[in-house]
Amino acid sequence: MEYQNQSSNTPVGTNQSAIDRFKKTQQKQLSIDHIFEEIISKNTAALSKGITLVESTQKKHNLQAQQLIEKCLPYANNSIRIGITGVPGVGKSTFIEALGNLLINKGKKVAVLAVDPSSTISGGSILGDKTRMESLVRSPNAFIRPSPSGSSLGGVAQKTRESIILCEAAGYDIIIIETVGVGQSETAVHGMVDFFLLLKLAGAGDELQGIKRGIIEMADAIVINKADGDNLKRAREAKNQFKKALHLYPMAENTWAPEVLTCSALKKTGIEEIWELILRYLDITSKNGYFEKNRIQQNKFWLLQTIEEQLKSSFYNHPKIKEVLSEQIAAVQQHKVTPFAAARYLLDLQKQS
């Protein structure tokens, strides 16, 4: 029979380490509850903590992040999500700052997130320093967060997707997702936004390159930036070229015909017209049902993407696979076994253990 310790209310003979573990579990749960309460109270420090959990690669943090996301879900899906892409040097940071400040002046709360396909060779970030948005970062109604570095675009994009949910729960009604137009990141961003904007630069040999890469097919609008001074004439010419090119593409499912505009983010001209264009797009797609349909399709896409990422992670982190993977790679390189036979062997090995 156990007797209660009067001072501590702890049963005599109870395993102290089990009690400590229970207390730690309670503290962790309380901390997630606390972060959640602070996020929906619009505390940016708590939002940063939450996104840090989402970005973490530690297993315990992943579990906590999922708990936090589930709590925030009922408060999400109430923002306008805008994707912005363009090659380095096109002026994305200046443009996002100009658009963000315009929206804040209209009473909006703006969050800027990034999908950063960091260099797998150097490990360096392509997007660079977000402190370039000097005036926007100082606004209490703005939140700017670059993505973590990582070799897996799917993983980084998933974390950005989850960060959107936290930002929406924190009351941000405009979420801007930035990516560099140098790879597959445009497709990932296109799959998580309501409006996709392609930023271009006139007179840099960029017009035809953009057409070849097929990014135009995803764009809901093309904006020629740096349309000022000596570059104004070239920007107008580029606008006409893109307008002609867009006629070659079939009508999109959303019945929206992408438009081409010019602006100078530096001079802050043309930004208001771009926002009005976005509002027109949202009005049309909300009325014809495409807006909601697109959100549903995106959820399906991210379900399948998450399964793929989890399966890949589970495979490469499997203890047996870690042991023999290098051996199988060496055997393939030495022509002792075919890549297909090696793959089947490794997959069977994972199933068996």
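Predicted model: local features only at pLDDT ≥ 70, side-chain atom pairs only at ≥ 80, totals over all residues.
**Exercise 1.** Find which parts of the chain are tied together by the salt bridge between Arg-145 and Glu-55.

*Solution.* Step 1: the two side chains meet at 2.9 Å, N to O; the cut-off for a salt bridge is within 4 Å. Step 2: Arg-145 lies in strand β3 (residues 142–145) and Glu-55 in helix α2 (residues 44–55), so the pair ties together parts that are 90 residues apart in sequence. Step 3: both Arg-145 and Glu-55 are buried.

**Exercise 2.** Locate the salt bridge between Lys-106 and Glu-272.

*Solution.* Step 1: the N to O distance is 3.0 Å. Step 2: Lys-106 is in the loop between α4 (92–105) and β2 (110–115), while Glu-272 is in helix α10 (residues 271–287), 166 residues apart. Step 3: Lys-106, at 40% relative accessibility, is partly exposed. Glu-272, at 29%, also counts as partly exposed.

**Exercise 3.** Describe the separation of Asp-283 and Lys-287 in helix α10.

*Solution.* Step 1: their side chains form a salt bridge of 3.3 Å, N to O. Step 2: Asp-283 and Lys-287 are four residues apart in helix α10, so about one helical turn separates them. Step 3: Asp-283 is partly exposed at 38% relative accessibility, whereas Lys-287 is exposed at 67%.

Definitions and conventions. Residues numbered from 1 in each chain as written. Heavy atoms only, no water. Helix = DSSP H or I, 4+ residues; strand = E, 2+ residues; numbered from the N terminus. Buried < 20%, exposed > 50% of the residue type's maximum accessible area, 1.4 Å probe, protein only.
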